[in-house]
Amino acid sequence: MKKLLTIIMCLVLLTSCNKDKEKLVLVTEAGFAPYEYYSNGEIVGVDIDIAKRIAERLNKELVIKDVAFDSIISEVKTGKSDFGAAGISYTEERAQEVDFTINYSESRQVVIVNNNSYINNINDLYSSKIAVQLGSVADSYITEFFPDAELIREKKFLAAIQDLKDGKADAVVMDELPAKQLITDNMRLLEEELTTDSYGMIVKKGNLELLNTMNEVISELKISGEIDEYLLYHMGIKDSTPDNNNFFNRIYKSVIYDGRYKYILEGLKNTLLIAICAVLIGIVLGTIAAISRNIYENTGHLKILSLISKTYVTIIRGTPSTLQLMIIYYVIFKQTSINIVVVGALAFGINSGAYVAEIIRAGISSINKGQWEAGYSLGLNYFQVMKKIIFPQSVKNILPALGNEFITLVKETSIGAYIGIVELTKASDIIASRTYDYFFPLILIAIIYLIITLFLSKLISTMEKRLNNVKNN
């Protein structure tokens, strides 16, 4: 009897452990302090605090995705994420794509200029160079009301500030709260506001159950004054590191302080994982495409497969890899919940396959036709000649190009940030969003890429030497 009770209790415990909470996915762009930003390896901020309360009300586990700001509406619209929050302002165009909650915060759109700037009021903005974040309310406002201005659209507010520092822009237009955190001693805010901005969260059209719950929670938090408390708390958080900007302090702020090395390690892991998986996928697809075309050219067989392979190579080589990544994630896997790292590996693998196919075809074509004829004269068929004579000789010609393709893949993973993959370049963005220093994190990540490239180049060189030794022996 005791044994039976023990078994029953174990089964109950196992069953309860397997019943994980249903997930509620929030998509944001974590470079918009105090609303969302990174601290100690986690995304925090006003929007995150509100999102946690919504998740608690629904008894769900909150999952946060960090993507580019201009990808947030696509994430929600396609159902990749349940709701979005990143200081998103209501516009009629956006309201046609997604549903908005009630406003939970208001802020002024302000103008930042250098202290010695000729711009002293709003009217001076006409015909000037203005930097904004792509897809933000400032982007829409400047486009509509300042048509003669030269607009510089950046992915990040920090990049827009850097444009102002470097003299590439005359002014930056952005939200007042992050502006106060990003402004330096060499800059000033114009007293006159450009426009007043109200923020709401977004959900997929027709998802009334989630929308109503979110509105209830936001309304309660506004009435209780808790949203104001969130704002005050997150506006008070600043790095406590020394202001000394020497080399060692910059290393400390960019790598050690607040556990920022975690972003680099995660970025390195994802970069290498995606590149390795992609090159394996690419070799399989590329080999199939190359061999099928070679079979058709030599024997006339596999005409349809050869045509498919040729079309695949033409389309992939003729379109940008960024576009391919977005199509695979937002169109092909639109209705599927899939790990974004897997999506990245598939997208880059499919892209790589087209180039690998041409590399292998070129390697096979480099072998003298007399080798084919010699094989046939010995009574070997096509596959035997390919396996025993042609392919072993072509490997030496193929290997260096395949090595270069792998190196290219490692660097190309940087575009994975478009769908929220934390790779090395994204890691530098995360660090820069907290240190307000773009230069040092970018140089640091560039050095890591260089080390990886040098290591891979050395590895490929060693393999080539071994192949040469085998051939000579």
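A crossing of two helices is called right-handed if the near helix is turned clockwise from the far one by less than a right angle, and in this predicted model the crossing of helix 13 and helix 14 is right-handed. The protein comprises 18 helices and twelve strands, and its C-alpha trace spans about 90 × 80 × 45 Å along the principal axes.

**Helix 13 against helix 14**

- The axes of helix 13 (residues 321–332) and helix 14 (residues 340–365) come within 9 Å of each other and cross at roughly 130°, which makes helix 13 oblique to helix 14.
- On the side of helix 13 the contact is made by Ser321, Gln324, Leu325, Ile328 and Tyr329, while helix 14 contributes Ile340, Val343, Gly344, Ala347, Ile350 and Asn351.
- The residues of this contact of helix 13 with helix 14 divide into seven nonpolar and four polar, with no charged residue among them.

**Helix 15 against helix 16**

- Helix 15 (residues 369–377) and helix 16 have axes that come within 10 Å and cross at roughly 140°; because angles over 145 degrees would be needed to count as roughly antiparallel, the two helices are described as oblique to each other.
- The crossing in which helix 15 passes helix 16 is right-handed, and the contact is made by Gln371, Trp372, Gly375 and Tyr376 of helix 15 together with Tyr382, Val385, Met386, Ile389, Ile390 and Gln393 of helix 16.
- In the contact of helix 15 with helix 16, seven residues are nonpolar, three are polar and none is charged.

**Nonpolar cores**

- In soluble globular proteins, nonpolar side chains tend to be buried together.
- The largest nonpolar core here holds 81 residues, of which Ile50 and Phe83 touch the most other members.
- Leaving aside residues up to four places away in sequence, Ile50 touches Tyr104, Met201, Ile218, Leu221, Ile227 and Tyr230.
- Another core, of 16 residues, lies apart from the largest one, and its members include Ala290, Val356, Ile367 and Trp372.

- With residues up to four places away in sequence not counted, Asn294 touches Ile364, Trp372, Tyr382 and Met386.
- Leu402 is found in helix 16 (residues 382–412), and under the exclusion of residues up to four places away in sequence, Leu402 touches Val356 and Ile359.
- The C-alpha atoms of Leu402 and Ile359 are separated by 7.3 Å, although these residues are 43 residues apart along the chain.

- Most residues other than glycine have a negative phi.
- Asn59, although not a glycine, has a positive phi of about 55°, and its place is in the loop between helix 2 (46–58) and strand 4 (61–66).
- With a relative accessibility of 52%, Asn59 counts as exposed, because the cut-off for that class is over 50%.
- Leu302, likewise not a glycine, has a positive phi of about 55° and lies in the loop between helix 11 and helix 12 (303–318).
- The relative accessibility of Leu302 is 41%, so Leu302 counts as partly exposed.

Note on methods:
Residues numbered from 1 in each chain as written. Predicted model: local features only at pLDDT ≥ 70, side-chain atom pairs only at ≥ 80, totals over all residues. Heavy atoms only, no water. Axes fitted to C-alpha atoms, helices over the stretch in contact; angles between N-to-C directions. Helix = DSSP H or I, 4+ residues; strand = E, 2+ residues; numbered from the N terminus. Parallel < 35°, antiparallel > 145°, perpendicular 65-115°, else oblique. Contact = heavy atoms within 4.5 Å. Nonpolar A, V, L, I, M, F, W, Y, C, P; charged D, E, K, R; others polar. Core = buried A, V, L, I, M, F, W, Y, C linked by side-chain atoms within 4.5 Å. Buried < 20%, exposed > 50% of the residue type's maximum accessible area, 1.4 Å probe, protein only.
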